[in-house]
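Read this report with the sequence and the 3D view side by side. Find each part in the view as it comes up.

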Amino acid sequence: MLASIPTFALVGVDSREVTVEVDVRRGLPAFTLVGLPDAAVREARERVRAALLNSSLDFPLQRLTANLAPASMRKAGPSFDLALALGVLAASGQVPFEAVSGTAVCGELSLSGALRPFRGALATALGARAAGYERLIVPVENASEAALADGLEVLPVGSLQRLADLLHGRWRPEPARPRPAGNDTGPHAPDLADVRGQADAKRALEIAAAGGHNLLMVGPPGAGKTMVARRLPGILPPPSFDEALEITRIQGVAGLGDGRLAAERPFRAPHHTISPSGLVGGGSYPRPGEITLAHRGVLFLDEVAEFSRAALEALRQPLEDGFAEITRGQRSLTFPARTMLVAACNPCPCARPAGDCRCNDVDRLRYSRRLSGPLLDRIDLVCQAAAPPAAELVDRHGEALERSSVIRERVISARERQCHRLGGSGAYCNADMDGRLTRRHGALGDEAVERLLGSVEQGGLTGRGHDRVLRLARTIADLAGRPCISPTHLEEALGYRLASPVGIAA
Ligand SMILES: Nc1ncnc2c1ncn2[C@@H]1O[C@H](COP(=O)(O)OP(=O)(O)OP(=O)(O)O)[C@@H](O)[C@H]1O
Ligand SMILES: [Mg+2]
């Protein structure tokens, strides 16, 4: 007899349907697996055999052939176990055929017959829904994440024995429901009120958070750059439902997250020794890189000048397009990468306080060249974070500084204005606007047009720089609650653009 069971395989951060066909016929006992399986999939035969026997079910002593279709796609990982076991049960007449129609399954098996969780439950559920399935059977641990896909019945099952009971109609689990979204920011989360001085860096951080712009902070050691950047999550707006689904799906594929809908935007801060493929994704079965794990959130590159040139250059395409295109062998995969880049570095290599610095102009120039021109061109705000003056650093009167919660309110209002304006365009914030949207929503008055014209004529702005300045000015106007961009807003945006990244390198 022949049975075919639908399941799903992860491809990047999406899932693709795979049909597991199992044929059972008389002959010498054998279990053959075809359809480009990798080592983990081939080992499924042993797990399936032991799991069936330990669940008081029969493993037919006949000739078994299993095919994973489409046969042209390479299959990796243990998540095909459950579909294979179910295929054997159906093809050997141990469960009724009708019971499995319209149902997809996914899960790993332990030798005892218990179901183990797999990675990418939400991506799988979204794939199953898109393919028109009504039900998805998954291990209990994956159920709440899979249930985030609306309009699909997700049935949590703990063991193979329970699955057989379900298909015989002897037992039916309660369909899974999503767990309420988590919220990790407690009262002890770092607050911008802890940072003394650094008014310019705080202003730049607020603008960057409001519009999702890229930011570079340059300053001497110990000025508070890392401190400011690490407080960004506290002022970021919460993700919208659609953004949260994207974040949760990616976290599920990467084995991060707790199965609940993400309540916060991701903040990823990889070490500077990271490889190019660690940053943008790669591997023989391509996996998402840090820029994808930071999708709809922040990628923080501290000490950015210490990252390898190859890693930084690999960021150029994803930063511009909002996705990373990875080609390995004959496969090409696209990973989402709409990320806000925040970077920090020193103005020179000696890392001594400004007064003690002995670096000469050549040292500084060489250091500044570690950041390529094209990468710097993608940074919307370059801000100098000088060491705060003594009067600001030393707290003599117990003066209370502005708290992150207050700044966040302003950021949220500015984002709401953007969402309202960009609704239906596919862009969520000003930084997401393409050239056409930028021109439509970044209209300037006569005076501001003259100022912008002057900047372009002086050679200070590239074509990309022109668009980025308009988007930044639009965000500054949104923060001020203004419908139009004024010359003052444009002036501030140009100031961030033209600031020299490293003292002498202008
Ligand atoms: N402006 C500031 N206000 C309050 N504390 C500060 C400030 N700047 C630095 N500090 C204190 O010094 C510590 C180190 O600061 P931080 O790591 O942010 O410096 P940095 O600018 O990133 O230096 P580096 O270039 O060496 O990485 C902070 O954890 C904080 O305790
Ligand atoms: Mg630092």
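Helix α7 (residues 199–211) and helix α17 (residues 404–422) have axes that come within 8 Å and cross at roughly 35 degrees. Their crossing is right-handed. On the α7 side, the contact is made by Glu206, Ala209 and Ala210. On the α17 side, it is made by Ile407, Arg410, Val411, Ala414 and Arg415. Sorted by class, the contact residues are five nonpolar, no polar and three charged.

This is a predicted model, in which local features need pLDDT of at least 70 and side-chain atom pairs count only at pLDDT 80 or more, while totals for chains, interfaces and linings use all residues. Residues are numbered from 1 along each chain as its sequence is written, and chains are lettered from A and ligands numbered from 1 in the order in which they are written.

Some terms need their rules. Helices (H or I, at least four residues) and strands (E, at least two) are DSSP runs, numbered from the N terminus. Axes are lines fitted to C-alpha atoms, for helices over the stretch in contact, and angles run from 0 to 180 degrees between N-to-C directions. A crossing is right-handed if the near helix is turned clockwise from the far one by less than a right angle, and left-handed if anticlockwise. Two residues are in contact if their C-beta atoms, placed from the backbone, lie within 7 Å. Ala, Val, Leu, Ile, Met, Phe, Trp, Tyr, Cys and Pro count as nonpolar, Asp, Glu, Lys and Arg as charged, and the others, Gly among them, as polar.

Two strands pair if DSSP finds at least two bridges between them. Strand β10 (residues 215–218) pairs with β16 over four bridges, in the parallel sense. There, Leu216 stands opposite Val382.

Now the ligand. Which residues are closest to ligand 1? They are Pro221, Gly224, Lys225, Thr226 and Met227, out of 15 that surround it (C-beta atom, placed from the backbone, within 6 Å). Helix α8 (residues 225–229) gives the largest share of this shell, three residues. The shell has six nonpolar, seven polar and two charged residues.

A second open sheet has four strands, in the order β1-β2-β4-β3, with mixed pairing. Its edge strands are β1 (2–11) and β3 (30–34). On average, neighbouring strands here are turned by 20 degrees against each other, direction ignored. β1 and strand β2 (residues 14–25) are antiparallel and share 10 bridges. Leu2 has Asp23 in β2 as its bridge partner.

How buried is helix α3 (residues 81–91)? Here 11 of the 11 residues are buried, so the helix is largely enclosed by the rest of the structure. A residue is buried if 20 or more other C-beta atoms lie within 10 Å of its own, exposed if 12 or fewer, and partly exposed in between; C-beta atoms are placed from the backbone. The buried residues include Asp81, Leu82 and Gly87. After α3 comes Gly93, with a positive phi near 75 degrees.

Most residues other than glycine have a negative phi, and most peptide bonds are trans.

The peptide bond from Ala69 to Pro70 is cis, with omega near 5 degrees. Pro70 sits in the loop between β4 (63–69) and α3.

His441 lies in helix α18 (residues 435–441). It counts as partly exposed because it has 19 C-beta neighbours inside 10 Å. Beyond neighbours within four places in sequence, His441 contacts Arg421, Met433 and Arg474.

Last, the whole chain. It has 21 helices and 16 strands. Its C-alpha atoms fill a box of roughly 85 × 45 × 45 Å, taken along the principal axes. Of its 506 residues, 45% are buried.
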